[in-house]
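Thanks, everyone, for making the time this morning.

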Amino acid sequence: NWGPNLDLFILDGRSYRSPNSMADTPENNKTLLGNKQLEWLEQSLKNSSATWKVISSDIPISVPTGANASILGRDGWANGNDTNYSSKTGFENELQQLLAFLDEINIKNIVFVTTDVHFPANILYEIDANGDGDKLIFHELISGPLSAFRFGIPGGVPLPKLDTTFNPKILYEEGGIFNFGYVEIQKQPEDNLVHLTSRIVDENGFTRPNSLLELKPQQ
């Protein structure tokens, strides 16, 4: 807890997960977080009175990841866009459960901070996760790497095609740079509301063009 304006939830997406190679079917009950951690996250978000709820996840939401994914399976949330259901080995069913819970109790101002794909991006999600006609709106902020392999070439090689399951909309993406994400929350005088602002900073200390994102809290 960082005062009345921010609660930070740091997930462990490595210690309790099912095997990556397992098919992500309802029957398999595949889990990334484990039942206890998922229950803790849901209840903690439900009980949070902070303006902003930031969830730190060591894997991304809609970027399909995993070396030799066709053999070893995915190692992130996304199943990918393959139409062959048996080859879907992400963890989307569990994420769908979490998002439906958040939509059901109408939790607002959620931001996922993710990494592990070696490029920065800002992604907007608007999804009716529980089917009630009211959309859950949240953002994913991807950053890194600081010093590892850089995916893509600036202005050149396109970045991976996003999994479309949760209706992602790219607001910013860039390849081929070392970077980190900078996030701050601050009350703005024009509306007296606490805004969340994020930006990507490169290895030279400069904010990357088009990476600045200012979010006004939903009321």
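Before I name any strand, let me say that strands here are DSSP runs of E, at least two residues long, and that they are numbered from the N terminus. Please also keep in mind that this is a predicted model.

With that convention, aspartate 202 is found in strand β8, which covers residues 193-202. Is aspartate 202 buried or exposed? Its relative accessibility is 8%, and because buried means under 20%, aspartate 202 counts as buried. Its side chain is joined to that of arginine 208 by a polar contact of 2.8 Å, and, once neighbours within four places in sequence are left aside, aspartate 202 is in contact with Phe178 and Asn179 as well as Arg208.

Turning to the helices, two packed helices are described by the angle between their axes and the distance between those axes. For α1, residues 35-47, and α3, residues 92-104, the axes come within 11 Å and cross at roughly 20 degrees; angles under 35 degrees count as roughly parallel, and α1 and α3 are therefore roughly parallel to each other. Their crossing is right-handed. On the α1 side the residues that meet α3 include Leu38, Leu41 and Leu45, and on the α3 side Leu98, Phe101 and Leu102 are among them. By class, this contact has six nonpolar, two polar and three charged residues.

Finally, leucine 72 lies in helix α2, residues 69-72, and, not counting residues up to four places away in sequence, leucine 72 touches Asn20, Ser21 and Ala67. From leucine 72 to glutamine 96 there are 24 residues in sequence and 23 Å in space, C-alpha to C-alpha.

Technical notes:
Residues numbered from 1 in each chain as written. Predicted model: local features only at pLDDT ≥ 70, side-chain atom pairs only at ≥ 80, totals over all residues. Heavy atoms only, no water. Helix = DSSP H or I, 4+ residues; strand = E, 2+ residues; numbered from the N terminus. Buried < 20%, exposed > 50% of the residue type's maximum accessible area, 1.4 Å probe, protein only. Polar contact = N/O pair within 3.5 Å; in protein donor to acceptor, adjacent residues only side chain to side chain. Contact = heavy atoms within 4.5 Å. Axes fitted to C-alpha atoms, helices over the stretch in contact; angles between N-to-C directions. Parallel < 35°, antiparallel > 145°, perpendicular 65-115°, else oblique. Left-handed = near helix turned anticlockwise from the far one by under 90°. Nonpolar A, V, L, I, M, F, W, Y, C, P; charged D, E, K, R; others polar.
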